[in-house]
Amino acid sequence: MKKMYILSLIGCFMSLLSANAQDAVVSGPDGRLKVEVYVPEKAEVNYTVTYDGKTMVDHSALGLITNIGRYGKRDKLLKYDVEEVEETYTLNRIKTSLVNYKANRLVCDLQTPDGLKYSLEFQVSQNDVAFRYVLQKHGETGSVRVMKEQTAFHFPSHTTTFLTPQSDAMIGWKRTKPSYEEYYKADAPMNIRSEYGHGYTFPCLFHLGNDGWVLVSETGVGSRYCGSRLSDCQFDTYTIEYPMAEENNGNGTSEPAFSLPGATPWRTLTIGSTLKPIVETTVAWDVVKPLYETTTNYQFGKGTWSWILWQDSSVCYEDQVKFIDLSAAMGYKYVLIDNLWDTQIGRDKMKELIDYAHSRKVDVFVWYSSSGYWNDIVQGPTNLMDNSIIRKKEMRWLQSLGVKGIKVDFFGGDKQETIRLYEQILSDADDHGLMVIFHGCTIPRGWERMYPNYVGSEAVRASENLVFNQSDCDQESFNACLHPFIRNTLGSMEFGGCFMNHRLSKKQNRGNIRRTTDVFQLATAILFQNPIQNFALAPNNLEDAPSVCLDFLKQVPTTWDETRFLDGYPGQYAVLARRSGNIWYIGGISASQEVLHLKLDIASLGIQQVQVIEGGDTPKSRSQKVKGQLAVTLNPNDGLVLISE
């Protein structure tokens, strides 16, 4: 009864917010998505979002609390303008290679009671809302520190959630968390506390029942801001939270700062009556720009890595030769030499090993720890990537060996100081012709477009956990059926899966038992997007994996020209189509306990005939003509692959 009374008071208060308020309105190009901004005389600036007339985000606060004053309360709307935005750009590392972005931009110029001037900038496209705060210089004040962001997201009470919690800081393996590797809960109510009490990491997916879906995230986070997350829910409302003070062993501030005039990153909302706009959104890249140009023509593709199945002891010269040979046999571009190479192979032998890889027409990625001073990591090399002088020397050495990229691990935080390190590593690496993969890290936030040598980030409970925990194998299909709708919507996901071994170890007489079928594993090569896919193959697979699987894994691309959502529900099943050139690849997987009978509208893709790979652990390939909808069957823990002919 008490809660109902409080909610009633909140409803009355929200009504007052819109009364006697100056307001501004902007809609997307087709008019279905609409944002209204309210500037009450005596309350907080707030906004609402509707889609097809249905409330998707109810009255929610806007504003910042800074060291120079508060923005967003009792402010005056000086003016507002709406203009059209249109841009076409190409990007070869995301879910589509050519983007035609059309939106309407609303810019509200406001002034606080203390005379601080700023703008609220909204860009509304067909299914996406992106907004940020642009602060003006005030007198002689040339910089600002933001202590708290008031931005909120108030959802209808019937909303359910698909969220993963922010972990405690300085816990987990060698005190390296948070690293965006916690478990998701599907269709959970909003009123439950997050597992650790620190809210939830982006991206955050909300189901508003029959009204549709909302995906909340952020983009454009570089060295001039920290990464953010959502708070726990109070009265159906989430707010922006900054990093915890304990992250990165207490190094760096939790509060971002930037020079004036300057802007915050973009908060993003992707909204639709179905999941199609969620899966296909490009908003993470639409509103950001490249931060530097590159002179290197970076090449993407597939690779192998010994560590995932053969673990630490395999990072020796003899075993790395076996995986170089595996890459060569599969026609792959890369091999990843993982941790401990500095002591178990040595620098002199690394040159010999890389020369051997080049003789087999295989290029090399090399692993590094991000640091040592904010965690307890002993796997080497450590203490090289966090120091600009040492880092540049190391990268010159890598460049001299012809190394094509690095994988940098164990970051453990979202503070501005840590985001700055990501950017510094990327910038220095590009100067030396190196691509960068991040592991044990934060999510990307528009980075594919901002940084031309950025490849992908883990930031998900990835393949290594299948090797470590049988429980993760038992839940593999559930988790895999989440990623296309959540983590992979906003950026490249370095998962490192696609196992062909049924026991996840070097020797098949031990190790965790894979519960999913071979065809399920193949389908994830389509469903999980990353421009460089280091697959969890082992040399024995050349002899014991079905030939149809090997043929597919040799053929499947890692970069795409187009992505289409065909069917699915988070945590239950997922079917996506991706196009490379003129060929469509369709992958479907199921976590359902029941057999699913689906009808896929693939004729709309212009497909008239497909190669079908099915059959679970005894995969077979057949050809089938397509007329209208294609009826398919998905069995529990199984998958389906279709390739246009």
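The model is predicted, so local features need pLDDT of at least 70 and side-chain atom pairs count only at pLDDT 80 or more, while totals for chains, interfaces and linings use all residues. Residues are numbered from 1 along each chain as its sequence is written, and side-chain values use heavy atoms, with hydrogens and water left out.

Let's start with β25, residues 405-409. Helices (H or I, at least four residues) and strands (E, at least two) are DSSP runs numbered from the N terminus. In β25, 5 of the 5 residues are buried, so the strand is largely enclosed by the rest of the structure. Buried here means under 20% relative accessible area, exposed over 50%, and partly exposed in between (1.4 Å probe, protein chains only). Gly405, Lys407 and Asp409 point one way, and Ile406 and Val408 the other.

| Partner strand | Bridges to β25 | Direction |
|---|---|---|
| β24 (residues 363-369) | 5 bridges | parallel |
| β26 (residues 435-439) | 5 bridges | parallel |

Phenylalanine 365 sits opposite glycine 405. From β24 the chain passes through helix α8 (residues 388-401) to β25 in a right-handed β-α-β crossover; right-handed means that, with the strands pointing away from the viewer, the path from the first strand over the helix to the second runs clockwise. On the β26 side, aspartate 409 faces histidine 439, and β25, helix α9 (residues 416-431) and β26 form a right-handed β-α-β unit.

Now the cysteines. With a disulfide taken as a pair of cysteine sulfur atoms within 2.5 Å, the count is 0 disulfides. Cysteine 233 has its nearest cysteine sulfur, from cysteine 204, 11 Å away. Cysteine 233 is buried at 16% relative accessibility, and cysteine 108 is buried at 1%.

Conventions
Two strands pair if DSSP finds at least two bridges between them.
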